[in-house]
Amino acid sequence: MNQDILVKAIDVTKNYGTFRALDKVSLEVARGEVSCIIGPSGSGKSTLLRCINLLERMDSGAIWVKDELIGYRRDGNNLHEISDAEISRQRQRIGMVFQRFNLFPHKTALENIIEGPVQVLGEPVKEARDRASALLERVGLADKANHYPSELSGGQQQRVAIARAMGMRPDLILFDEPTSALDPELVSEVLDVMRDLAASGMTMIVVTHELGFARNVANTVTFMETGKVVETGLASEVLSTPKSARTAEFIKAVRS
Amino acid sequence: MNVASLATQPADSKYEIAHLKLVPKRHIGRMIAAGVVLLLFAGLVRAFSVGQIEWSYVRDFLFAPAILAGLYNTLLMTVAAMGLGIVLGVVIAIMRISGNPVLSSIAIGYIWVFRGAPALLQLMLWFNLALIFPTLGIPGLFEFRTVDVMTPFVAAVLGLGISQGAYTSEVVRSGLLSVDSGQYEAARTIGMKQMMMLRRIVLPQAMRVMVPPVGNEVIGMVKLTSLASVIQYSEILHNAQIIYFANTRVLELLLVASFWYLLVVSVLSIGQHYIERYFGRGSKSIRSSM
Ligand SMILES: Nc1ncnc2c1ncn2[C@@H]1O[C@H](COP(=O)(O)OP(=O)(O)OP(=O)(O)O)[C@@H](O)[C@H]1O
Ligand SMILES: [Mg+2]
């Protein structure tokens with residue numbers, strides 16, 4: 001496999017009962033790349049992200065992150081489902097930012113960030129706190145370290161959530177519509193943080209309806225519909241001169 | 001009407017009301033109710049004072065060594081049985097929602113059996129366990145005669161604690177269910193394993209929902225320990241009974257016991273308030289009311 005490919009998904013299929021949420025979806029993301037996934041509601045974008053970090057189990061297909069098969073261990077001609085402990089270990093390397101932030105409400109901004117490093121990675125508290133303070137500074141919230149999530153605006157909560165994901169020093173961060181739950185005037189402060197993160201070389205897969213962000217920041221854009229990848233390619237090409245009529249239609253609808 | 005014309009209104013206009021006198025609303029119903037309650041209360045006090053109660057006995061036995069020892073045993077039993085109930089409740093609730101069919105079947109079976117029989121009956125079953133299992137232990141390694149192990153204390157702790165666990169597990173389960181699924185997912189995405197996620201993220205949030213009903217159950221348990229008197233455990237009611245069998249001052253000693261129960265329950269209620277406040281940290285509704 002190419003040395004530079006960080007995420008490789010091949011023919012990922014996921015069924016909910018008889019409903020096929022993902023239908024042979026393939027995706028490649030190079031290290032340091034920002035890959036945006038766009039598509040109408042119910043097209044399977046969230047499901048794909050959730051398969052990558054094992055919040056859902058796929059029914060067939062395979063995903064590699066950093067050349068490591070996700071969810072399975074290969075042993076000759078057999079694939080073994082890995083243990084819960086192994087799943088947790090694989091997830092440590094994959095950050096996730098949710099639409100609804102999902103900060104821990106009983107912990108302050110700083111405590112939210114150090115929770116993973118201290119409890120999961122076993123980092124000394126002092127070191128974790130220093131690093132968390134630096135991360136809060138980086139997302140522009142140095143003065144909110146001791147605030148509880150309920151005392152922060154949506155945009156501030158989402159920035160803390162991004163800092164929490166970064167605190168685990170992941171290889172990759174998944175974003176599931178990180179600005180969809182925000183008031184319009186708060187969207188840009190979150191996108192700015194993500195742009196900064198992209199510039200620092202973080203590999204990111206971003207499900208979003210912010211086509212401006214996709215155009216300016218993403219390297220590749222993938223358009224999904226009804227569980228299938230309709231079109232994928234360089235961001236400039238897919239967004240400006242889409243090959244598929246459906247992609248063009250969707251882009252036009254989102255813009256207006 | 002625009003602002004300019006408002007400003008030029010004469011002072012006696014119908015919109016000028018700042019100088020009028022405010023007459024508060026009369027709560028006639030409340031006053032009548034309060035009067036009735038006071039009358040009834042006065043009647044009650046009179047009944048107690050002219051009734052067949054020797055208040056000097058109440059005063060003398062309030063701090064009698066047997067009563068205080070009984071109080072101590074009541075508190076000890078409350079702590080032990082409720083402790084066992086909470087531990088079992090948490091374990092059973094986690095088993096029930098674990099998604100492991102074996103564990104959740106065991107949990108459902110446990111709740112079914114131990115909620116199905118009166119606590120008093122369970123207590124007596126444990127106390128008489130020797131009739132089914134004359135000895136306990138692992139044959140060859142160690143063995144006890146059941147009657148030696150199954151003291152009134154042990155039987156009461158098991159009987160009360162295990163049946164309490166069935167109820168508490170449902171309280172814990174409702175607490176676990178009250179935590180948003182996004183919290184479970186956020187904990188998983190930072191690489192937490194099941195137990196750490198429950199301990200660090202889910203249970204502390206579930207506590208907010210669990211504390212009021214568990215507080216209720218602790219208070220219930222204080223009084224439920226009186227059941228242990230039937231298997232000769234020396235809790236406060238048992239000791240009060242022993243005294244009034246001897247001196248026939250039934251009502252006086254029951255009042256003594258009531259006093260201590262009421263005192264303990266009051267202290268627990270105050271404690272619950274502070275525990276609720278602690279687990280409500282970070283939550284808006286609690287903060288704004290502090
Ligand atoms: N747990 C589930 N059980 C059953 N169906 C599900 C489940 N999760 C998702 N689905 C279905 O799978 C399809 C894809 O869902 P998904 O959340 O991936 O869409 P999406 O592209 O993220 O949409 P949106 O833009 O609304 O977030 C939807 O039709 C949804 O109803
Ligand atoms: Mg979605």
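Q: In which hand does α3(A) pass α10(B)?
A: The crossing of α3(A) past α10(B) is right-handed. Keep in mind that this is a predicted model.

Q: What angle and what distance describe the packing of α3(A) and α10(B)?
A: Start with the general idea. A packed pair of helices is described by two values: the angle between the axes and the distance separating them. Now the case here. Helix α3 of chain A covers residues 109-120. Its axis and that of α10(B) are 13 Å apart, and the angle is about 145 degrees.

Q: Which residues make the contact between α3(A) and α10(B)?
A: On the α3(A) side, look for Glu115(A), Gln119(A) and Val120(A). On the α10(B) side, look for Met196(B), Arg200(B) and Ile201(B). Sorted by class, this contact has three nonpolar, one polar and two charged residues.

Q: How much area do chain B and chain A bury between them?
A: First, the idea. Interface size is often given as the accessible area lost when the parts come together. Here, chain B and chain A bury about 2,200 Å² between them. Carbon and sulfur atoms account for 56% of that area. Three residues stand out on chain B: Thr189(B), Ile190(B) and Arg200(B). They supply 28% of the area that chain B buries against chain A, more than any other three residues.

Q: How many residues of each chain are in contact?
A: Chain B brings 21 residues, and chain A brings 25.

Q: How many residue pairs are in polar contact between chain B and chain A?
A: The count is five, with both residues of each pair at pLDDT 80 or more. Three elements of chain B each give two or more residues to the side that touches chain A: α9 (181-189), α10 (194-224) and α13 (284-289). Of these, α9(B) gives the most, with seven residues. By class, that side of chain B has seven nonpolar, six polar and eight charged residues.

Q: How many salt bridges are there between chain B and chain A?
A: Oppositely charged side chains can pair when their charged atoms come close. Between chain B and chain A there are two salt bridges. One of them joins Glu185(B) to Arg50(A). The closest N and O atoms of that pair are 2.8 Å apart.

Q: What is the count of salt bridges over all chains?
A: The count is 25. Among them is Asp23(A) with Lys228(A), where the closest N and O atoms are 3.5 Å apart. This pair links distant parts of the chain, 205 residues apart. Asp23(A) is in strand β2 (residues 19-30), and Lys228(A) is in strand β12 (residues 228-234).

Q: Where is Gly154(A)?
A: Gly154(A) is in helix α5 of chain A, residues 154-167. Leave aside its neighbours within four places in sequence. Gly154(A) is then in contact with Phe101(A), Leu182(A) and Leu186(A).

Methods: Residues are numbered from 1 along each chain as its sequence is written. Chains are lettered from A and ligands numbered from 1 in the order in which they are written. This is a predicted model: local features need pLDDT of at least 70, side-chain atom pairs count only at pLDDT 80 or more; totals for chains, interfaces and linings use all residues. Side-chain values use heavy atoms; hydrogens and water are left out. Contact means heavy atoms within 4.5 Å. Buried area is the accessible area (1.4 Å probe) that two parts lose on being put together, summed over both. A salt bridge is a side-chain nitrogen of Lys or Arg within 4 Å of a carboxyl oxygen of Asp or Glu. A polar contact is a pair of N or O atoms within 3.5 Å; within protein, one must be able to donate a hydrogen and the other to accept it, and residues adjacent in sequence count only if both atoms are side-chain atoms. Helices (H or I, at least four residues) and strands (E, at least two) are DSSP runs, numbered from the N terminus. Ala, Val, Leu, Ile, Met, Phe, Trp, Tyr, Cys and Pro count as nonpolar, Asp, Glu, Lys and Arg as charged, and the others, Gly among them, as polar. Axes are lines fitted to C-alpha atoms, for helices over the stretch in contact, and angles run from 0 to 180 degrees between N-to-C directions. A crossing is left-handed if the near helix is turned anticlockwise from the far one by less than a right angle, and right-handed if clockwise.
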